[in-house]
Amino acid sequence: NRTPMLYVGGNDGMLHGFSAKDGKELIAYVPRGVVSGLKDLTDKDYQHRYYVDGSPMTGDIKDGSAWKTLLVGTLGAGGRGYFVLDVTNPAGFEATATKAPSLVVLDRTRSTEVSAPDCTLLTDPASQTACTTAVTQDRDIGHITAAPVTNSTSLLHASQITMLNNNRWAVVLGNGYNSANQRPVLLVQYLDGTKELMRIQDRK
């Protein structure tokens, strides 16, 4: 009896989620990678630009003992990267507004206008290592514009969100165009456990 939802990206900097029953908006999310450009929307001489331009996809995964419905969205032409939201309980979106951060599973979006963080400024070794790893991985993440691949047995789910042969759940994506490293890479973003990213590069 979950609320059926319709999710669409918007050029107002947000991903919007609407109830398919009555059209009421239940969620709006601003990915990190578009925040720096939101100020342009108030410019009286505003020129069109892209924000959340990618097509979102959803799928069910099992993380530990809990089944969840996750949404994976991309910025498309609006920026580099992707984000993952927990949309398991749409009926509770409004009631849990104060717990909004719990809906964000991860956000790996970056604006092309913002430089990568300087990891050497971190004093904690573990944090510095994690930061360096993320910056290195981000260099292989570009503008992901490919449309989701629909599951033929369930049009509401994408076949790219799947259980792999190692019994772990992941979303599989092409890395898009204009990544910093300028090379094709297959991204395997795990959605369970420690949610690490694996990059597969063509060795030809």
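Let's begin at Pro-90, which counts as buried because its relative accessible area is 5%. Here, buried means under 20% relative accessible area, exposed means over 50%, and partly exposed is in between (1.4 Å probe, protein chains only). Pro-90 sits in the loop between β6 and β7 (104-110). Strands like these (E, at least two residues) and helices (H or I, at least four residues) are DSSP runs, numbered from the N terminus. From Pro-90 to Leu-121 there are 31 residues in sequence and 39 Å in space, C-alpha to C-alpha.

Before we go on, keep in mind that this is a predicted model, where local features need pLDDT of at least 70 and side-chain atom pairs count only at pLDDT 80 or more, while totals for chains, interfaces and linings use all residues. Residues are numbered from 1 along each chain as its sequence is written, and side-chain values use heavy atoms, with hydrogens and water left out.

Now go to the start of the chain. Three strands make an open sheet there, in the order β1-β2-β3, with antiparallel pairing. β1 (5-9) and β3 (25-29) are the edge strands, each pairing on one side only. From one strand to the next, the twist averages 15 degrees; the axes behind such angles are lines fitted to C-alpha atoms (for helices over the stretch in contact), and angles run from 0 to 180 degrees between N-to-C directions. Two strands pair if DSSP finds at least two bridges between them, and β1 and β2 (residues 15-19) have 5 bridges. In general, strands of a sheet pair through backbone hydrogen bonds, either parallel or antiparallel.

How many aromatic pairs does the structure hold? There are 2 aromatic pairs. Rings of Phe, Tyr and Trp (its six-membered ring) pair if their centres lie within 6.5 Å; planes under 30 degrees apart count as stacked, over 60 as edge-to-face and the rest as tilted. Tyr-29 and Phe-83 have ring centres 5.4 Å apart and planes at 50 degrees, so this pair is tilted. Tyr-29 belongs to strand β3 and Phe-83 to strand β6 (residues 80-86), so the pair ties together parts 54 residues apart in sequence. Both Tyr-29 and Phe-83 are buried. The pair of Trp-67 and Trp-169 is edge-to-face, at 5.6 Å centre to centre and 75 degrees between the planes. Because Trp-67 is in strand β5 (residues 66-74) and Trp-169 in strand β11 (residues 169-174), this pair ties together parts 102 residues apart in sequence. Is each Trp buried or exposed? Trp-67 counts as exposed because its relative accessibility is 52%, whereas Trp-169, at 14%, counts as buried.

Follow β11 to its neighbours. Strand β10 (residues 161-163) pairs with β11 in the antiparallel sense over 3 bridges, and Ile-161 stands opposite Val-171 in β11. The hairpin of β10 and β11 has 5 residues between the strands, and Asn-167 there takes a positive phi near 65 degrees. Why point that out? Most residues other than glycine have a negative phi. In the loop between β11 and β12 you'll find Asn-178, which has a positive phi of about 60 degrees although it is not a glycine.

Finally, look at charges. The structure holds 11 salt bridges, each a side-chain nitrogen of Lys or Arg within 4 Å of a carboxyl oxygen of Asp or Glu. One of them joins Asp-138 and Arg-110 (2.7 Å, N to O). This pair links distant parts of the chain, with Asp-138 in helix α1 (residues 125-138) and Arg-110 in strand β7, 28 residues apart. Another joins Asp-192 and Arg-168, whose closest N and O atoms are 3.0 Å apart. Asp-192 is in the loop between β12 and β13 and Arg-168 in the loop between β10 and β11, so the pair ties together parts 24 residues apart in sequence. Asp-192 counts as buried, at 7% relative accessibility, while Arg-168, at 21%, counts as partly exposed. Elsewhere, salt bridges that share partners join Asp-40, Arg-49 and Glu-113 into one network.
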